[in-house]
Amino acid sequence: MLRDSARHRQTCGVNVHVLSLAVALSMQHGQPRVLVWGGDAEGGAPFVEADPADPSRVRGFDVEVADRIARGLGGGRTARFVQVQWSNIDQSVERGDFTLGLSGVEDTQARRGRHAVTLPYFEFREVLAVRPDDQNRIHDLADLRGRRVATLGATIAYDLLIAARDSTGMIPVSFDDDVHPYADLVAGRVDAVLLDHIIAQRALRRMGGRGFVILSQPVAVGHYVGVLARADSVLRDSIDAVLREAMRDGSLEQIYRRWSVWDDSQSVLFERILRTGAGAAGAAGTPARGSTPPAQVVAYLPSLARAAGVTLLVSMLSMTLAVFVGLALASGRLYGSTPLRILTTAYIELIRGTPLLLQLFVIYYGLSGVVRLPALLAAVLALGLNYGAYEAEIYRGALEAVSRTQLEAARTLGFSEAQTLRLVRGPQALRYALAPMTNDFVALLKDSSLVSVITVVELTKQTAIYATNVGSWVVPGALCAIVYLAMSLPLARLARRLERRWGGRAA
Amino acid sequence: MSALLVIDRLRVRYDSRDVLRALSLEVARGEIVSLMGPSGAGKTTALRAVAALQAFDDGQIVVDGFGLTPGPVPPESRLRALRRRVGLVFQAHALFEHLTALDNVTLALRHVLGQSRADADAVATKLLSELDVGSRAAAWPRQLSGGEAQRVAIARALAPDPALLLMDEPTAALDPARRGALGATLRRLCEQGRGLLVATHDAEFAREFSDRAVQLTA
């Protein structure tokens, strides 16, 4: 009854191999002829998107900026794109997966402290989007006390919201992508979205200009930069020279105009950079927090504990639901009429045959037209309904493991079928089921990390946020692993003990 | 006095093969009847048909006025009167693994007959003592020897006080001394006015302890 524990895991190993291959190719014959750059096509237009005419290619203003940089570096270089998850750009560039990260990468002091960062090539405004009904009530972050405000995790906007949480008491909601925050704004799950004006305008276009309005007063101003590995500062200086040239000769302006992102603030930015020489536009956002690692770790512990609490809460509620769903399904399969048997079997096969991630999206976003579930409830529902299918099979197996002659003995003694289930079959099946159930709970504990895709900040998500903040996975990863193990190891031990005690069918 | 059990031309078919062709027998109160025959002769099938665990194709079974007719086994709700009249001791004992010896015996008393826990405990303790396993009341089924488990199973079947007791191969796992003791126990049960139908291939046991034997051929 053990299950493949990897069934929910997303495959991410493939990309890594493709990336290393690209790097290897680019390094052939000593001198690189190709500028390998990384971006996230999931971020979409106007930054980087798959070309509708040829989905194997990408297009967008960041694509053209990369092309312009490659050309400007000389030697007949061309730019080659590799896909990378947006939140991993810094880590990947430092690993050497590509030379230049370029995909709406924000200029922050923390990033400048850890990597070689180009001068700013684009100025964006952090703007608030609200529902039309609210546009007269909400003017800035201070008006959002007690309200839910969405943004993309690990961004300047997210840092602004965290700072505002402490000062104004609003509730930041972190998303993994920049589409769903607006969908949830229209759906009423959040009350505002704080993001780059390009992203806000794109979202508004997608919705046909309806559903929300963008407030004209920006909350902050930021810049997009290219990011290189810390050791690549010489190449960074060459790229800065190319960017300056592109600002001077108007090629950057042409690119921006082609993608409709040109505005006056860009020419002001260009002038300032060409005047001052260096990338002196100033980095936005909060500085890298805490100076010494131990202080950072201590400061992090409360949020770690809160996230671990969320993981535990989601897991326990989901498992409780899964037990009831599993019991209902197993009884339907064993005792039900033929249509009920077919129905329960179909449910079990459907749930076990499709990814949990898909089920999460369907319940949270797919159903939002019918019923708008809060994220935590949607997470518990998805996990509980999913694991219920697995529990059902455990219970069915356990019920069938109770010997037929015992059931017949119960009949000859005059027990009704319900009494037999309650007094003879159920209690014994429970013993057979306890050990595999405990195993399932351990698996659920870890699968609960998937619910971060629907904005629940649990242990794994909190770790990813922290890792982005401190620029390393070593300490956050170790802390995260320790907390998971502290929760799962005692359960695994309990499972083994139960298995030893009740494992044998002949008991 | 009319017979406690009447089996009249009982016929059971499995896969278009007759397992039992035309079995007829009677068991009176206070009588032990052995149902003899080699393996596969249909002894167990006959007991299961009487206990309404098994459908039959032809003939009739009457237990103390309660009639069973050919066709599918009726639902349990229509068999309550039969269940009160017939007890069955399985060859494999089929004790409830999750309950102590005592609770195996009290379960039906409490949940079918609605007795209080104290009353049921008293009845069960007395039965277990009479069957010489009183000291094992607190033991789990897996801790019992074959002979002990059999006597607990007899106590469980007797607890609702059925008029007819069916036993399937009771001597299969017993040494000669134990076999003698079992025979004596069964005689004592009969003297209380019960009827016993014992399926066995043990000719010596049948000769020594039963009033009559009915022979089946394979």
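Student: Which strands make up the antiparallel open sheet in chain B, and in what order?

Tutor: In this predicted model, the order is S2-S1-S4-S5 of chain B, four strands with antiparallel pairing. The edges are S2 (17–27) and S5 (66–68), each of which pairs on one side only. From one strand to the next, the twist averages 20 degrees.

Student: How many bridges join S4 to S5 there?

Tutor: Three bridges join S4 (residues 58–63) of chain B to S5(B), and the two run antiparallel. One pair to look at is B:Val63, whose bridge partner in S5(B) is B:Phe66.

Student: And which helix packs on that sheet?

Tutor: Helix H1 of chain B, residues 43–50. H1 touches S1 (5–14), S2 and S4 of chain B, and its direction makes about 115 degrees with that of S1(B).

Student: OK, the other sheet in chain B. What's the order of its five strands, and is the pairing parallel or antiparallel?

Tutor: Parallel, in an open sheet that goes S6-S7-S8-S3-S9 in chain B. S6 (86–89) and S9 (212–215) of chain B stand at the edges with a single partner strand each, so one side of each has no neighbour in the sheet. The twist averages 20 degrees from one strand to the next.

Student: Which helix sits on this one?

Tutor: H6 of chain B, residues 176–191, packs on the sheet.

Student: Let's zoom in on S3. How many bridges join S3(B) to S8(B)?

Tutor: Five, with the two strands running parallel. B:Met36, for instance, has B:Thr200 as its bridge partner in S8(B).

Student: And how many join S3 to S9(B)?

Tutor: Four bridges join S3 (residues 32–36) of chain B to S9(B), again running parallel. B:Ser34 has B:Ala213 as its bridge partner in S9(B), and B:Leu35 stands opposite B:Val214 in S9(B).

Student: Is S3(B) mostly covered or mostly open?

Tutor: Mostly covered: five of its five residues are buried.

Student: Which residues of S3(B) go on which side?

Tutor: B:Ile32, B:Ser34 and B:Met36 are on one side, B:Val33 and B:Leu35 on the other, and all are buried, which leaves both faces covered. In a regular strand, side chains alternate between the two faces of the sheet.

Student: Switching to chain A. What's the secondary structure tally?

Tutor: Chain A comes to 18 helices and 13 strands. Of its 507 residues, 44% are buried. Among contacts in chain A between residues at least 6 apart in sequence, 74% join residues at least 24 apart.

Student: Which residues touch the most other members in the largest nonpolar core?

Tutor: The core has 82 residues, and those touching the most other members are A:Trp37, A:Ala66, A:Ala129, A:Val149, A:Ala192, A:Val193 and A:Leu194. Beyond its neighbours within four places in sequence, A:Ala192 is in contact with residues including A:Leu128, A:Ala129, A:Ile138 and A:Leu185. Apart from that core lies another of 76 residues, among them B:Ala51, B:Ala101, B:Ala155 and B:Leu197.

Student: What about A:Arg230, where is that?

Tutor: A:Arg230 is in the loop between S13 (227–228) and H8 (233–248) of chain A. A:Arg230 counts as partly exposed because 14 other C-beta atoms lie within 10 Å, where buried takes 20 or more and exposed 12 or fewer.

Student: How many residues does each chain put into the A–B contact?

Tutor: Chain A gives 19 residues and chain B gives 21. On the chain A side, H15 (404–412) and H16 (417–447) each supply at least two residues, and the largest share, seven residues, comes from H16(A). By class, that side has seven nonpolar, eight polar and four charged residues.

Note on methods. Residues are numbered from 1 along each chain as its sequence is written. Chains are lettered from A and ligands numbered from 1 in the order in which they are written. This is a predicted model: local features need pLDDT of at least 70, side-chain atom pairs count only at pLDDT 80 or more; totals for chains, interfaces and linings use all residues. Two strands pair if DSSP finds at least two bridges between them. Axes are lines fitted to C-alpha atoms, for helices over the stretch in contact, and angles run from 0 to 180 degrees between N-to-C directions. Two residues are in contact if their C-beta atoms, placed from the backbone, lie within 7 Å. Ala, Val, Leu, Ile, Met, Phe, Trp, Tyr, Cys and Pro count as nonpolar, Asp, Glu, Lys and Arg as charged, and the others, Gly among them, as polar. A nonpolar core is a set of buried Ala, Val, Leu, Ile, Met, Phe, Trp, Tyr and Cys residues joined through C-beta atoms within 7 Å.
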